[in-house]
Amino acid sequence: MSTDTALLRRAVHLAHDNRARGGRPFGAVIARGGEVIATGVNDIVHSHDPSTHAEMQALRAATRQRANPSLAGCTVYASGHPCPMCLAALVMAGADRVFYAFDNRDAAPYGLSSEGAYQRLRLPLDPPPLPLQRLATGIGVEQLYGDAPWPTDGP
């Protein structure tokens, strides 16, 4: 398994664990050179703060840990396609690229797509403002967002 796949699987596992705790099923990992700098999960349910998306939480933790507002040289691994707010923050922080496991079409049947926000803001999803790449993790969308059994292997 590649380092990128392993780190993305970790983000998906964070999302799964967050859902099991009653949160929304989103997780993010920020790494530099394959080394994890920070992680985050969507905390909207518990914090009542609509800006506490997984990518935002990871970005905040990473920039605090680095004592630097820049994510230059960093890669973001997100369980889902970043919403406009998260994508804008990652662009502003200078992240190099984003890998994600599930896109808005995957999330739509579960009411978790951010495509509507892109449309309301009149922001096209293509071309992306930084490299965005979907990467298979071997975990199905129905396992994270639905009720299919979770794989027994670790992140």
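This is a predicted model: local features need pLDDT of at least 70, side-chain atom pairs count only at pLDDT 80 or more; totals for chains, interfaces and linings use all residues.
Figure 1. The buried positions of H1 are Thr5, Leu7, Leu8, Arg9, Ala11, Val12, His13, Ala15, His16 and Asn18.

**Figure 2. Helix H1 from end to end.** H1 takes in residues 3-20, 18 residues in total. From first C-alpha to last, H1 reaches 26 Å. That is close to the 26 Å expected at 1.5 Å a residue. Gly22 follows H1 and has a positive phi, near 95°.

**Figure 3. Helix H3 and its cover.** H3 has 13 residues, 54-66. Its first and last C-alpha atoms span 18 Å, close to the 18 Å expected at 1.5 Å a residue. Ala54, Glu55, Met56, Ala58, Leu59, Ala62 and Thr63 are the buried residues of H3. Their cover includes S1, S2 and S3. Helix H4 (84-93) also contributes to it. Just after H3 comes Ala67, with a positive phi of about 50°.

Figure 4. S1 and S2 pair in the antiparallel sense. The pairing runs over 6 bridges. Arg32 has Glu35, in S2, as its bridge partner. The hairpin has 2 residues between the strands. In this hairpin, Gly33 takes a positive phi near 60°.

**Figure 5. The ring pair Phe26 and Tyr145.** A search of the whole structure finds 4 aromatic pairs. In one of these, the ring centres of Phe26 and Tyr145 lie 6.0 Å apart, with the planes at 55°, so the pair is tilted. The pair links distant parts of the chain, 119 residues apart. Phe26 sits in the loop between H1 and S1. Tyr145 sits in the segment after H7. Both Phe26 and Tyr145 are buried.

**Figure 6. The ring pair Tyr110 and Tyr145.** The ring centres of Tyr110 and Tyr145 lie 5.7 Å apart, with planes at 55°, so this pair is tilted. Tyr110 lies in the loop between helix H5 (104-107) and helix H6 (115-120), and Tyr145 in the segment after H7, so the pair ties together parts 35 residues apart in sequence. Tyr110 is partly exposed, with a relative accessible area of 35%. Tyr145 is buried, with a relative accessible area of 6%. Phe26, Phe102, Tyr110 and Tyr145 form one aromatic cluster.

**Figure 7. Ala148 in the segment after H7.** Ala148 is found in the segment after H7. Ala148 is partly exposed, with a relative accessible area of 26%. Leaving aside neighbours within four places in sequence, Ala148 is in contact with Glu142 and Gln143.

**Figure 8. The annotated span, residues 2-115.** An unreviewed UniProt entry carries the annotation "domain: CMP/dCMP-type deaminase" for residues 2-115. The end C-alpha atoms of residues 2-115 lie 29 Å apart. The span is 44% helix and 23% strand.

Note on methods:
Residues are numbered from 1 along each chain as its sequence is written. Side-chain values use heavy atoms; hydrogens and water are left out. UniProt positions are given in the numbering used here, feature names are shortened, and annotations may be inferred rather than shown by experiment. Helices (H or I, at least four residues) and strands (E, at least two) are DSSP runs, numbered from the N terminus. The expected span of a helix is 1.5 Å times one less than its number of residues. Buried means under 20% relative accessible area, exposed over 50%, partly exposed in between (1.4 Å probe, protein chains only). Contact means heavy atoms within 4.5 Å. Rings of Phe, Tyr and Trp (its six-membered ring) pair if their centres lie within 6.5 Å; planes under 30 degrees apart count as stacked, over 60 as edge-to-face and the rest as tilted. Two strands pair if DSSP finds at least two bridges between them.
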